[in-house]
Structures are given as C-alpha cells and as structure tokens.
Amino acid sequence: MARIALAPELTGDFDCVIDHLETHGVTEVSERIGGIIAAIDVLELNPLIGRPAGAERRELVIGRRSRGYIALYRYVEAIDTVFVLALRAQKEAGYAHD
C-alpha cells in the first residue's frame, strides 16, 4: 500500500475550493471536501490510476461537472509514495502554483 504525502501548497488549494463553494451557497461543503479526500485515498491502493500529465506527474479526476476536481500528483515507486502536489476544479485552467 502506497503512502500519501500532501504538499504544503495543498492547504491553499483546499481554501480556494472551500471559498468557492461557500461563495456559491453550497451547504454540504464538508461532504464535498470529504469526497475529495476519499478519492485521493484511492491512490494508496492504485497509485497509477490517474492519467499521465507529463514530467512524471499524473492527474486524478475526481467527480464531474460542478462537483469535479483534478488532483495533480507524482508517484515515486522506489519509496512507494504518492506526492499530491495540487488540486483544482475541473473547469479551471491550470494549477494555482504552476
């Protein structure tokens, strides 16, 4: 089972997601964040499930439409660790800290 490590920058990405949800009157914010975290947890058992995103990185597609997000990550097989680098809404262009 792979270990999951979250980049410090992910805190800001989650803050942006939460701000966006609250701005648009979403009432189940904690459930949405829980769903994102649960999807990322899938990487423990399936670290290569995401689509290739270049430079040894991958993207995990989470949900769809207005509930869709993309987690950018890198799996280092030698140490069996998934490094989650960034999170964005599917409709966003690029990551905040590219």
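Which residue forms a salt bridge with glutamate 28? The partner is arginine 32, and the closest N and O atoms of the two are 3.6 Å apart. A salt bridge here means a side-chain nitrogen of Lys or Arg within 4 Å of a carboxyl oxygen of Asp or Glu.

Some ground rules. This is a predicted model, with local features needing pLDDT of at least 70 and side-chain atom pairs counted only at pLDDT 80 or more, while totals for chains, interfaces and linings use all residues. Residues are numbered from 1 along each chain as its sequence is written, and side-chain values use heavy atoms, leaving out hydrogens and water.

**Salt bridges**

The structure holds 3 salt bridges. Side chains of opposite charge can pair when their charged atoms come close. For burial, the cut-offs on relative accessible area are under 20% for buried and over 50% for exposed, with partly exposed in between (1.4 Å probe, protein chains only).

| Pair | N to O distance | Relative accessible area |
|---|---|---|
| Glutamate 28, arginine 32 | 3.6 Å | glutamate 28: 22%; arginine 32: 13% |
| Arginine 51, glutamate 59 | 2.9 Å | arginine 51: 41%; glutamate 59: 12% |
| Arginine 74, glutamate 56 | 2.5 Å | arginine 74: 33%; glutamate 56: 60% |

Arginine 74 sits in strand β4 and glutamate 56 in the loop between β2 (51-52) and β3, so their pairing ties together parts 18 residues apart in sequence.

**Arginine 58**

Now for an arginine that is buried yet has no salt bridge: arginine 58, whose nearest side chain of opposite charge, glutamate 59, is 9.9 Å away. For charge, Lys and Arg count as positive and Asp and Glu as negative, with His and the chain ends not counted. Arginine 58 belongs to strand β3 (residues 58-62); strands are DSSP runs of E with at least two residues, helices are runs of H or I with at least four, and both are numbered from the N terminus.

What does the side chain of arginine 58 reach at 2.7 Å? That would be the backbone oxygen of glycine 50. The backbone oxygen of leucine 48 also lies 3.0 Å from a polar atom of the arginine 58 side chain. Leaving aside residues up to four places away in sequence, arginine 58 touches several others, including Pro47, Pro52, Ala71 and Tyr73. Contact means heavy atoms within 4.5 Å.

**Helix α2**

Helix α2 (residues 29-41) has 13 residues, which at 1.5 Å a residue should span 18 Å, and its end C-alpha atoms are 18 Å apart, in agreement. The expected span is 1.5 Å times one less than the number of residues. Val29, Arg32, Ile33, Ile36, Ala39 and Ile40 are buried in α2. Down the helix axis, these buried residues fall within an arc of 120°, so they line one face; the arc is taken over directions from the axis to the C-beta atoms. Ser30 and Glu31, on the other side of α2, are exposed. The buried residues of α2 pack against β1 (3-6), α1 (10-23), β3, β4 (69-76) and β5 (81-89).

**Cysteine 16**

Over in helix α1 is cysteine 16, partly exposed at 49% relative accessible area. Cysteine 16 and arginine 88 are 72 residues apart in sequence, but their C-alpha atoms are 8.5 Å apart in space.

Key: A polar contact is a pair of N or O atoms within 3.5 Å; within protein, one must be able to donate a hydrogen and the other to accept it, and residues adjacent in sequence count only if both atoms are side-chain atoms.
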